[in-house]
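Subject: Structure for you to look at

Hello,

Here is the structure I promised. Please open it and keep it in view while you read my notes.

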Amino acid sequence: MTVPRVLFQGGSGTTLRVSLPGVDVTTADIDHLVFNSSYSGLSIVQKGSVSCSVRGSAGISWSTPQEHIPWVLWRCKFSYETLYRGPYIYKGLNNTNDYIMATATTSGMSFSVYEPGVDLGCIIDYVAFKATEPP
Amino acid sequence: MTSIVLYSKDQPNPGLIIQVVSYSENPMEEISQKLTAAGTPHILYNGDVRIASDYVDIDLEIVKPRPENVISGIPDKPLKADGVDKITLHPSAPNTHVQVYMAGTLIAEEDVGSDGLELSTQTEGTYVCIFNAPFPYQQAVVQIEASNEA
């Protein structure tokens, strides 16, 4: 039996969805969709790496000021460790704990790291996604 | 893939990579122009950049791998924590400074010459030895386990 797999709906519930083969798109849940326009809004503002001294901070700037504070996914690795800590996900001001902090704004982001008794630096990898609304 | 590599021109680490921008919603050339106007040392580089293990050759304006400081003498079994059993770790790089951490606390440090770092202990635990040689050598990290059961 043929089932509809593409739904293009206007009005207040505007959406575009595509379901898996054999699954009716009008009744498919999220696990049975290959595309859902409701979840396709994340575009990357910037990604990269930055080195941060412990007891210090590191700052990055977005290449152009953002209308809203981006979502940022980041992880860090201390010099003496082989594994990364994180990832951490932030939107706007937030902390993970007393020692690994990040602050994102519409113009950039700053990281600060403090590890008790350790004066070694760390590496931070980050990806910033465009936000479509205020935090 | 073109990346922007921001680096330090200052001593003691000229060429140390501070930041890598590997993707931006704006053209890399446009960002580079802004950095140039701001006087920020950087290069546009085609290829993968590893922030911790690469550096910028300032004269050639290219990214190069930092040489490794290879540590020999790493035991394949735990050190016996009896104050008698002893290991010696030898770095390949000259003028290496070693810091030894235990549970995140610095417990010893010294400049290591040709004799290497001798390590013996009566305290069980994990000892993290961090070898720092003059730039551009990479930092080397060796973990030594000490146990009464060794």
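First, a term: a residue is buried when its relative accessible area is under 20%, exposed when over 50%, and partly exposed in between, using a 1.4 Å probe and protein chains only. Next, the ground rules. This is a predicted model, where local features need pLDDT of at least 70, side-chain atom pairs count only at pLDDT 80 or more, and totals for chains, interfaces and linings use all residues. Residues are numbered from 1 along each chain as its sequence is written, chains are lettered from A and ligands numbered from 1 in the order in which they are written, and side-chain values use heavy atoms, without hydrogens and water.

Chain B overall

Chain B has one helix and 13 strands. Both are DSSP runs, numbered from the N terminus: helices are H or I with at least four residues, strands are E with at least two.

The C-alpha trace spans about 60 × 30 × 25 Å along its principal axes. The radius of gyration of chain B is 20 Å, whereas a compact globule of 150 residues would have one near 15 Å. That radius is taken over C-alpha atoms, and the globule rule is 2.2 Å times the number of residues to the power 0.38. Of the 150 residues, 41% count as buried.

Take B:Asp57. It lies in strand S4, residues 54-57. Is B:Asp57 buried or exposed? B:Asp57 has a relative accessible area of 13%, so it counts as buried. Beyond its neighbours within four places in sequence, B:Asp57 is in contact (heavy atoms within 4.5 Å) with B:Ile62 and B:Lys64. B:Glu124 is 67 residues along the chain from B:Asp57, and their C-alpha atoms are 43 Å apart.

Now B:Ser24. This residue sits in strand S2, residues 17-24. B:Ser24 is buried because its relative accessibility is 8%. Which residues does B:Ser24 touch, leaving aside neighbours within four places in sequence? B:Ser24 is in contact with A:Val45, A:Gln46 and A:Ser63 from chain A, and with B:Ile31 from chain B. B:Ser3 is 21 residues away in sequence, and 9.2 Å separates the two C-alpha atoms.

Best wishes
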